[in-house]
Amino acid sequence: MPMPDADLHPVATGLAKETVDKHAAEQPLKLFAGWFCPFRPARLARAGGEGDPVPQSPAVNPYHKGEQLMKANPRGLVPTLEIAPGKALYESTVLLQYLEEAYPDRAPRLLPPIAGSEGGDGTQDQQKRLFDRARARIWMDFVTSRVIPAWHRLLQFQPSSVTGGKEEGQKRLEGLRDEYRGFLLEFARAMDPEGPYFFAGDDLGMVDIALAPWVLRHWVFEHFKGITAVPEPGQAGNDNDEAAWERLRKWQTAMQSRDSVRRTESEREHYLPIYQRYADDVAQSEMAKASRSGRGVRRGRPWVAASMPENPEYRPE
């Protein structure tokens, strides 16, 4: 019996296809990932900066992995970045950090550079940069361990399966939405007050790239579950939450307006059959199965991601 996820639209479409086609020439650096994978757009956007090569991006169906991917990474994991024949890396955040370090002349930097800028107190400047680099990694971990699992729990939840009828099912759904909103609020409160990105300044960073694919696909909750992930302006309930939501909206607008981000997204109609499987809780990705079973997924860190309790205490600062 074929896997329910296997029959997928084969390639990227729209602006994402233009991006892939533009860099289709054979080269040693190759990024293997499904066109629809939320971890893939960020990697392409990261690799498109000044001073970076943009990797060749062979079309991969993660459920029919193909010889080329299996040769690069016998575990068959996506995304996989092949550096050269016989040399490949995987795990989403690992790929980001590798590209950041392998191409130090890239502009803009996605992590504050270690070397201090000229002028001022060099020691203090360097200490701040080191602090901000470590803080960026904390919040990337937060996205991995809190935001992404909660995103999947919300989308995959089946209100009809709850004992107690439709009303109880809707209540549970809203509880999962509130859990997810809580993580977004915590993230928003950690942002630089002005932004528009996570840190001050006009350039996005690694933390922004980690969160962007999930927030930019909030439309799946409205389409499949009839709920909104981010409340409308004035609907937050209190001034403190309203200010945090407004900060997140400012960040989202900045991300959506970046050409490098827009050029990693395919046409929405081709995402619908894929996310329908998640919304029906029949998807067979590792993340979907982990969310369904309550076990963890290793995604850039060797600890649980999808089995976190609801509203766990997490204090990165």
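Helices here are DSSP runs of H or I spanning at least four residues, numbered from the N terminus, and in this predicted model the protein chain comes to 12 helices and 3 strands. Of the 317 residues in the protein chain, 53% are buried.

**Chain as a whole**
- Among the contacts in the protein chain with a separation of 6 or more, 70% are accounted for by residues 24 or more positions apart.
- The protein chain exposes about 15300 Å², and carbon and sulfur atoms supply 51% of that area.

**Helix H12 and the residue after it**
- Helix H12 covers residues 286–293, and within this helix Met287, Ala288, Ala290 and Ser291 are buried.
- These four residues lie on the same side of H12, because they cover an arc of only 165 degrees around the axis.
- The residue that follows H12 is Gly294, which has a positive phi, near 85 degrees.

**Packing of H7 against H9**
- Helix H7 (residues 206–215) packs with helix H9 (residues 239–257) at an angle of about 90 degrees, and the axes of the two helices are 11 Å apart.
- Angles of 65 to 115 degrees count as roughly perpendicular, and H7 and H9 are therefore roughly perpendicular to each other.
- On the H7 side the contact is made by Asp208, Leu211, Ala212 and Val215, while H9 contributes Trp251, Gln252 and Met255.
- Sorted by class, the contact of H7 with H9 has 5 nonpolar residues, together with 1 polar and 1 charged residue.

Technical notes: Residues are numbered from 1 along each chain as its sequence is written. This is a predicted model: local features need pLDDT of at least 70, side-chain atom pairs count only at pLDDT 80 or more; totals for chains, interfaces and linings use all residues. Side-chain values use heavy atoms; hydrogens and water are left out. Buried means under 20% relative accessible area, exposed over 50%, partly exposed in between (1.4 Å probe, protein chains only). The arc is that of the directions from the helix axis to the C-beta atoms. Contact means heavy atoms within 4.5 Å. Accessible areas come from the Shrake-Rupley method with a 1.4 Å probe; for residues, only the protein chains shown count as cover. Axes are lines fitted to C-alpha atoms, for helices over the stretch in contact, and angles run from 0 to 180 degrees between N-to-C directions. Angles under 35 degrees count as roughly parallel, over 145 as roughly antiparallel, 65 to 115 as roughly perpendicular and the rest as oblique. Ala, Val, Leu, Ile, Met, Phe, Trp, Tyr, Cys and Pro count as nonpolar, Asp, Glu, Lys and Arg as charged, and the others, Gly among them, as polar.
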